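Subject: Structure for you to look at

Hello,

I am passing on the structure below. My notes on it follow.

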Amino acid sequence: MTDITNHLQTITKNIEAAACKANRDPHTVHLLAVSKTRPPEDILDAAEAGQRAFGENYEQEAVSKIESIRQSRPDLELEWHFIGPIQSNKTRSIAEHFDWVHSVDREKIARRLSEQRPENLPPLNVCLQVNISKEKTKSGVLPEEVSVLAKAVSAMPNLRLRGLMAIPEPESDPVKQREPFSAMKTLFDQLVQSGYDLDTLSMGMSDDMETAIQEGATTVRIGTAIFGKRSYPDKQ
């Protein structure tokens, strides 16, 4: 049994425990393995252990790995999620290679993804990235502008709006840690009440996963706790 397999088993148990503690069905919380900067071999190790959803931040690196794995293991059906900031010149490649995009924060980017999605593929699943902590250096639509962007994205023919995503400002205090996640759940519920058919609240990483699950996360994004320390620099 590899280290990655052991780590995945531990994370899965932790997710189940956090869900039960929050009186939630563990099956309503999904693990997205963040595989940025990891070689294809690590992804294949995780896939052999049963992991199917992988998150990538950098288009060029990700596409190389996606194509390599598809060529070497055409029998393996993996789900690819783009979770990093999106540059306008990267939208075509992202639209062509990914199943999900968690980081849509502008109508311009959403429109390009919709227009460039190949006709032979199903609609691209998207989440709106919310700058819930209103950090000047962070990507994301401001909370008060979410409804406007949701309306625009939901009307685009080759996109399927699935929910919201956030990377809150790091916080070690458990009480303060809950505040942005609670605010995200409120935003999510408001959109659902407005008639949007949403099912995904993507929030929570290794250090705040349990808190995010308590506040309603349906997808947690875990990298280092699965794969260990990065094997090469975090850059494209």
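Arg221 counts as buried, since its relative accessibility is 4%; buried means under 20% relative accessible area, exposed over 50%, and partly exposed in between, with a 1.4 Å probe and protein chains only. This residue is found in strand β8, residues 219-222. Helices (H or I, at least four residues) and strands (E, at least two) are DSSP runs, numbered from the N terminus. Between the C-alpha atoms of Arg221 and Asp99 there are 16 Å, while the two residues are 122 apart along the chain.

A note on the source: this is a predicted model, in which local features need pLDDT of at least 70 and side-chain atom pairs count only at pLDDT 80 or more, whereas totals for chains, interfaces and linings use all residues. Residues are numbered from 1 along each chain as its sequence is written, and side-chain values use heavy atoms, with hydrogens and water left out.

Now the protein as a whole. It has nine helices and eight strands. Its radius of gyration, taken over C-alpha atoms, is 17 Å, close to the 18 Å from the globule rule for 236 residues, so the protein is as compact as a globular protein of that length. That rule is 2.2 Å times the number of residues to the power 0.38. The C-alpha trace spans about 45 × 45 × 30 Å along its principal axes. Of the 236 residues, 51% count as buried.

Last, Glu171: it lies in the loop between β6 (159-166) and α7 (174-193). Glu171 is partly exposed, at a relative accessible area of 31%.

Regards
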